Amino acid sequence: MPQLLSPDDHAYLTKEFEQLTREVPITVVTHETSLVASGDEVPYGREVKEIMTELASLSPKIKLTVEDVRPSDVEKLKQLRVERIPAIILGDRQRYYGLPAGYEFSTMIAAILDAGADASPLKPEVKDKLAALKQSVHIQVFVTPT
Amino acid sequence: MARLAYQFAAASDKVSADVVEASEFPELSRKYGVRAVPKSVINEDFEVLGSVPDRHLLEAIEKAIGPSETA
């Protein structure tokens, strides 16, 4: 498999990931299609798997699972609690939909570093207010790679 | 903005955070009227435009659900 990241990126990220003190389980939910059109094509389905596999190879703390699921397999997607694919499951309540490229690649790195850190970087007063929430809050953040 | 949303989700089991690559999911982007990014949508109908600090996102959540729901 050709590498998507440069040797310099590898060296930099390997060093960054040394900060991880906890394991970071990540599940990629995607579908790779053959060249024949099947109606189940997932744009960037393969690239998402490749980039996340490459990232996971840079730290023993990143535990990657890849689930190949047809977009039409609604039951399986429901079971994994993803609404569309490609999806990257970063935690119980964190999902990334699409290919984390460009600026969003650094978001993914930051999210991994946060997930593998012992303490939340949030201010105590913000954490307290969040911990006191009684109602469900769903935040959707729309981004683009550039 | 995406990182902050994830940090919020990590801090409370009531908060879930989805980051969506807008150009890959045009139907969803259209549904929420995404014309510029980052754009955050809280509980379907409350919008936050641009990158905002933690306090601002928290205020937006309080407005979206009602201030009496937070301590």
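Reply: Contact first: it means heavy atoms within 4.5 Å. This is a predicted model, where local features need pLDDT of at least 70, side-chain atom pairs count only at pLDDT 80 or more, and totals for chains, interfaces and linings use all residues. Residues are numbered from 1 along each chain as its sequence is written, chains are lettered from A and ligands numbered from 1 in the order in which they are written, and side-chain values use heavy atoms, with hydrogens and water left out.

Me: Fine. What is B:Phe8 in contact with, leaving aside neighbours within four places in sequence?
Reply: In chain A, A:Leu122, A:Val126, A:Leu130 and A:Ile139. In chain B, B:Val15, B:Asp54, B:Leu57, B:Leu58 and B:Ile61.

Me: Which residues touch the most other members of the largest nonpolar core?
Reply: A:Phe17, A:Leu55 and B:Phe8, in a core of 50 residues. A nonpolar core is a set of buried Ala, Val, Leu, Ile, Met, Phe, Trp, Tyr and Cys residues joined through side-chain atoms within 4.5 Å. Buried means under 20% relative accessible area, exposed over 50%, partly exposed in between (1.4 Å probe, protein chains only). Another core, of 18 residues, lies apart from the largest one; A:Val29, A:Ile85, A:Ile89 and B:Tyr32 are among its members.

Me: And helix 1 of chain B, which residues there are buried?
Reply: B:Ala2, B:Leu4, B:Ala5, B:Tyr6, B:Gln7, B:Phe8 and B:Ala9. That is seven of the 10 residues in helix 1 (residues 2-11) of chain B, so the helix is largely enclosed by the rest of the structure. Helices (H or I, at least four residues) and strands (E, at least two) are DSSP runs, numbered from the N terminus.

Me: Now the sheet. What's the strand order?
Reply: 2(A)-1(A)-3(A)-4(A)-1(B)-5(A)-2(B)-3(B), an open sheet of eight strands with mixed pairing. Two strands pair if DSSP finds at least two bridges between them. The edges are strand 2 (62-68) of chain A and strand 3 (46-49) of chain B, each pairing on one side only. Twist averages 20 degrees from one strand to the next. Axes are lines fitted to C-alpha atoms, for helices over the stretch in contact, and angles run from 0 to 180 degrees between N-to-C directions.

Me: What packs on it, and which strands does it touch?
Reply: Helix 2 (residues 45-56) of chain A, touching strand 1, strand 2 and strand 3 of chain A. Its direction makes about 165 degrees with that of strand 1 of chain A.

Me: How many bridges join strand 5 of chain A to strand 2 of chain B?
Reply: Four, and the strands run antiparallel. A:Gln140 has B:Val41 as its bridge partner. On to strand 3 of chain B: strand 2 of chain B joins it by four bridges, also antiparallel, with B:Ser40 opposite B:Val48.

Me: What about A:Tyr44, what is its phi?
Reply: Positive, about 65 degrees, although A:Tyr44 is not a glycine. A:Tyr44 is in the loop between strand 1 and helix 2 of chain A. At 42% relative accessibility it counts as partly exposed.
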